[in-house]
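This report describes a protein fold in terms of its helices, sheets and selected residues.

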Amino acid sequence: MSIEPQPVEKTPRAKRPAADPIAKVRALARPVESLREALRDKVASGIGTAEAARIVDDAFLFAVEAHGTQVRASGEPYVTHPAEAALILADLGLDAATLVAALLHDVPEDTSVTTAEIAERFGDEVGILVDGVTKLSKFSAMSAEEQHAENIRKMFLAMSQDIRVVLIKLGDRLHNMRTLAALPAEKQRRIARQTLEIYAPLAERLGIWQMKWELEDLAFKALEPERYHELASMVELRRDLRADYVDRAIAVLKPELERAGIEAEFSGRAKHLYSIHKKMARRSSDFSEIYDVYAIRVIVENLRDCYAALGAVHSVWRPIPNQFDDYIAVPKNNLYQSLHTAVVALDGRPLEVQIRTRSMHEVAEVGIAAHWRYKDGSQADAAYDAKLAWLRQLLEWQRDVTDASEFLEGVRLDVFQDQVYVFTPKGDVKELPAGATPLDFAYLVHTDIGHRCIGAKVNNRLVPLEYRLKSGDIIEVVTARGKHGPSRDWLNVATTRQARNKIRQWFKHQERDENVLHGRESLERELRRLARTTLESIGRERLEEVAKQMNQGSVDDLYAAIGYGAVGPQQVVSRLGVASDDTKSLLPLSTSAAAVAPAERTGGIRVKGVPDLLTRFGRCCRPLPGDPIVGFITRGKGVTVHLASCDASTSAREASRLIDVEWEMTPATTESYPVTIRIEGLDRTGLLTEITQVVAEQKVNILSATVQTTGQTNAEMLMTLAVGSISELARLMARLERVRGVRSVSREQHQ
C-alpha cells in the first residue's frame with residue numbers, strides 16, 4: 001500500500017506514556033511537528049469543530065507512537081507518509097473519520113497494533129476504513145501480479161461499502177508518487193505503471209481531477225523521464241508567452257461579457273504534461289499543434305450565463321469545427337460539467353475556453369469528495385449515488401468472476417478506458433466503454449433484451465452487431481418475439497464484461513452434455529494450436545489435476561465450464577504448461593514434479609543429471625516456456641532443445657541422443673522467445689492498425705510481420721513476436737480473436 005518502511009526494530013506496543021510521543025522521533029526529523037501543525041490548521045479551517053480537531057490530533061500522536069523509529073526508503077520518519085496522505089485528503093475537505101483512517105492506514109500492516117485495537121480506540125467506522133485499505137497478507141504462492149490483483153479487488157469490494165476507502169488509497173498513492181525517487185529504478189517503473197493503469201483512471205472516475213493530473217504527470221516522469229523533461233522544457237520556454245497571451249485574451253473577452261451583463265471570473269489553465277503527451281501521440285501532432293496549450297477558464301454565476309458566455313466567445317472569435325463539447329447537457333460519467341470550445345483567437349492562434357458555474361467548478365476539482373462538504377443536502381446525495389452507478393455495475397458482474405486477475409482485467413477494460421455516451425430512442429443517456437457494440441448496449445438495458453437481440457438500428461439505420469458505437473449515437477435494439485437465446489459467437493462480439501458474463505450464464509444453464517462436448521472440442525483445438533499436443537497425449541490424470549486446481553469437480557465439469565464460457569481454453573492450456581502467470585514455468589506435460597531432481601540453471605532450461613551443460617533452442621520449432629520439450633545431444637554444441645512433438649526429436653535412429661530437459665523452476669527472467677503466429681480475417685480498412693494496437697497493449701514486441709490479401713476479401717498476416725511464455729502468447733491470441741473481422745489466430749508449426 002505504501003512505499004515500504006525500513007523498520008529499525010519491531011517491539012510490542014507498550015502502554016502510551018503521558019509525555020508527547022513526538023519526542024521519540026524528534027532526533028530523526030523536525031518536520032513531524034510541522035506536519036502536526038499543518039494538519040491542525042487544515043482541520044480547523046475545513047471541518048471546523050474542536051472535537052474533530054482533537055480526534056485527528058490524537059490519531060496523529062497514536063500513529064507516531066505506533067510507527068516509532070521506522071523510517072522510509074528516503075530516510076524520513078515513516079509517520080511522515082500517513083501524515084502527508086491525511087493532508088492531501090484534508091485539502092479535499094474530507095471528514096474527521098477519513099483523516100484519522102488515513103493517519104492509521106499503515107499501522108496494522110507495519111506495526112504490532114491490530115485493526116481491532118484501532119476500532120476500539122477510534123470507533124468501528126475508522127476500523128472499517130483502515131481494514132479496507134490494509135493490504136492482504138502476502139502468500140508465497142501468489143505472484144506479484146496476482147497479489148496486486150487481489151489487493152485491487154479487495155479495495156473495490158471495500159469501496160462498495162464506503163467510497164472513502166479508495167479516497168484514502170488515492171491519498172496514499174499520491175504521496176508515494178511524490179516521493180518515488182527514493183526507490184530503485186525498476187520499482188519506480190512498476191509503481192508508475194500501476195498508477196497509470198489503475199489509480200489515475202480511478203481518480204478521474206471519481207471526478208478528482210487535480211489528483212488525476214498529478215498522478216499522471218508523476219507516473220509519466222518515472223516511465224519516460226527524457227520525454228517528460230523535453231515537454232517540460234517546451235512548456236517552460238513558452239510560459240511567459242502563454243501567460244501574456246492569456247492575459248491579452250481575457251482583456252478582449254471580459255468587456256464583451258460585461259456588455260452582455262455576465263459576471264465572470266477568469267483564469268488561465270495550464271495543460272498537464274501527460275495530457276499533452278497523449279494528445280500529441282493520438283493525433284501524431286507537433287507540440288505547436290495542440291489546441292488547448294493556450295486555454296482560459298470562465299466561471300459564471302448560473303447555468304443561463306454559461307450558454308450566454310459561450311455565445312459571447314463565439315461572437316468575438318471564430319470557433320474551430322468539431323472542437324465543441326457540451327458536458328453540461330451530457331455530463332461525463334463522473335458528473336463533470338462544463339462547456340468546452342476551441343476558437344481561433346488572437347494572432348490566429350487556437351485557444352480553448354472552458355465555461356462553468358462555481359458549483360460545477362468545485363465538482364470538477366474535488367469530484368466525489370464534495371459530497372462530504374454538503375452531506376446534509378438531498379441534491380448532493382443524489383449526485384453521490386449517480387457517481388457510484390458504475391461501481392454497482394462493476395460489482396454486479398464481479399460476483400461471477402473467481403479469478404482476481406480476470407477481475408482486474410475487467411476493471412481495466414470496462415471501467416478505466418474511454419467512454420462513449422449513446423442514447424435510447426426515448427433520449428436517455430447510456431454510458432459504455434469505447435469500442436462497445438450494440439450487443440453491449442442491449443445487455444446494459446436489460447438481460448432479456450440482450451438474449452432476444454437479433455439486430456440493431458443506429459441513427460435509424462440497420463447496422464451489424466459488430467458495429468462500434470460512437471458518442472451521440474441513438475440505438476434501437478431489434479428483438480425476436482418469444483423464446484430466443486444468444487449465439488456462442490456473441491462472446492467474440494460483446495466487449496464488456498457485463499454482457500459477456502450474461503451470455504456465459506445463459507449457456508451455463510443450457511444442456512450440460514452440449515456444454516461438455518463444446519468445451520472438449522474447444523480445449524482440443526487450443527491444445528493443438530498453442531501447445532501442439534492433444535488431450536489424448538496429456539492423459540485423463542493430468543486433466544483431473546488441473547480441474548481441481550481450477551475449482552472444477554471433474555474433467556467433465558471443466559469441459560462444461562469451457563463450453564459455457566466461464567473458463568477460457570487458453571487458461572487451461574496455460575495451467576497445463578505454466579505454473580504461475582509471470583514468475584514460474586511448470587514441467588513438461590508428461591513429467592511429474594516429484595520425479596525431477598534439482599539441477600543447475602542453464603539459461604532457463606534444466607538438463608537432468610548433467611549440470612552446467614550448454615543449451616540452445618532448435619530453430620525448427622522454437623519452443624516457449626511451458627511447451628512440452630525434449631533435449632537432443634548435439635556433438636560439440638551441447639544440448640539442443642526441441643518441442644516434444646518436433647520431427648527432429650522423434651526420429652527413431654536418434655533416440656540414443658535424447659535427454660530429459662525441463663523448464664527452469666526459478667522465478668522468470670526478462671528473457672523473451674520468438675514465436676510466429678498466423679492471423680486470418682476479413683480484409684478491411686484499419687484491421688492491421690487494430691491488430692498492432694492490441695499487440696502493443698499486451699506489451700509484446702513485434703519482431704517482423706508480413707501481410708497479404710488472398711482473394712478479394714481475405715487478409716492473412718504472419719507476425720513474429722517476442723513473448724516470455726506460452727501463457728503470455730495465449731492471452732495475446734485470445735485478445736486478437738476479439739478484433740472485428742479476425743477469423744482465426746494460430747501458432748505456426750515452423751518458423
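The account below moves from the whole chain to its sheets, a helix pair and single residues.

**Basis of the description**

The model is predicted: local features need pLDDT of at least 70, side-chain atom pairs count only at pLDDT 80 or more, and totals for chains, interfaces and linings use all residues. Residues are numbered from 1 along each chain as its sequence is written, and side-chain values use heavy atoms, with hydrogens and water left out.

**Overall composition**

The protein has 31 helices and 20 strands; helices (H or I, at least four residues) and strands (E, at least two) are DSSP runs, numbered from the N terminus. Of its 751 residues, 51% count as buried. Buried means under 20% relative accessible area, exposed over 50%, and partly exposed in between, with a 1.4 Å probe and protein chains only. Among the contacts in the protein with a separation of 6 or more, 68% come from residues 24 or more positions apart, where contact means heavy atoms within 4.5 Å.

**The five-stranded sheet**

An open sheet of 5 strands has the order E1-E2-E5-E4-E3, and its pairing is mixed. Two strands pair if DSSP finds at least two bridges between them. Strand E1 (264–268) and strand E3 (318–326) are the edge strands, each pairing on one side only. Neighbouring strands of this sheet are turned by 20° against each other on average, direction ignored. Such angles run from 0 to 180 degrees between N-to-C directions, and axes are lines fitted to C-alpha atoms, for helices over the stretch in contact.

E3 pairs with strand E4 (residues 339–344) in the antiparallel sense over 5 bridges. Within that pairing, Pro319 has Val343 in E4 as its bridge partner. Helix H16 (residues 358–366) lies across E1, strand E2 (295–300) and strand E5 (350–357), and runs at about 105° to E5.

**The four-stranded sheet**

A further open sheet is formed by 4 strands in the order E18-E19-E17-E20, with antiparallel pairing. Strand E18 (701–710) and strand E20 (742–747) stand at the edges with a single partner strand each, so one side of each is left without a neighbour in the sheet. On average, neighbouring strands here are turned by 20° against each other, direction ignored.

E18 is joined to strand E19 (residues 714–723) by 9 bridges, and the two run antiparallel. Thr706 stands opposite Leu718 in E19. Helix H30 (residues 687–697) packs on this sheet and touches strand E17 (673–682), E18, E19 and E20; the direction of H30 makes about 20° with that of E19.

Two packed helices are described by the angle between their axes and the distance between the axes. Helix H26 (residues 540–549) and helix H27 (residues 555–563) pack at an angle of about 65°, with their axes 8 Å apart. H26 contributes Arg540, Leu543, Glu544 and Ala547 to the contact, and H27 contributes Val555, Asp556, Leu558 and Tyr559.

Leu576 lies in helix H28 (residues 569–577).

**Burial of selected residues**

| Residue | Relative accessible area | Class |
|---|---|---|
| Leu576 | 1% | buried |
| Cys306 | 0% | buried |
| Cys453 | 1% | buried |
| His277 | 16% | buried |
| Asn459 | 40% | partly exposed |
| Asn460 | 65% | exposed |

Cys306 is buried, as is Cys453. The count of disulfides comes to 0, a disulfide being a pair of cysteine sulfur atoms within 2.5 Å.

His277 has its place in helix H14 (residues 273–283). Leaving aside neighbours within four places in sequence, His277 is in contact with Phe220, Glu224, Arg227 and Leu231.

**The loop between E8 and E9**

Most residues other than glycine have a negative phi. Asn459, found in the loop between strand E8 (453–458) and strand E9 (461–463), has a positive phi near 55°. Asn460 lies in the loop between E8 and E9, and its phi is also positive, near 70°.
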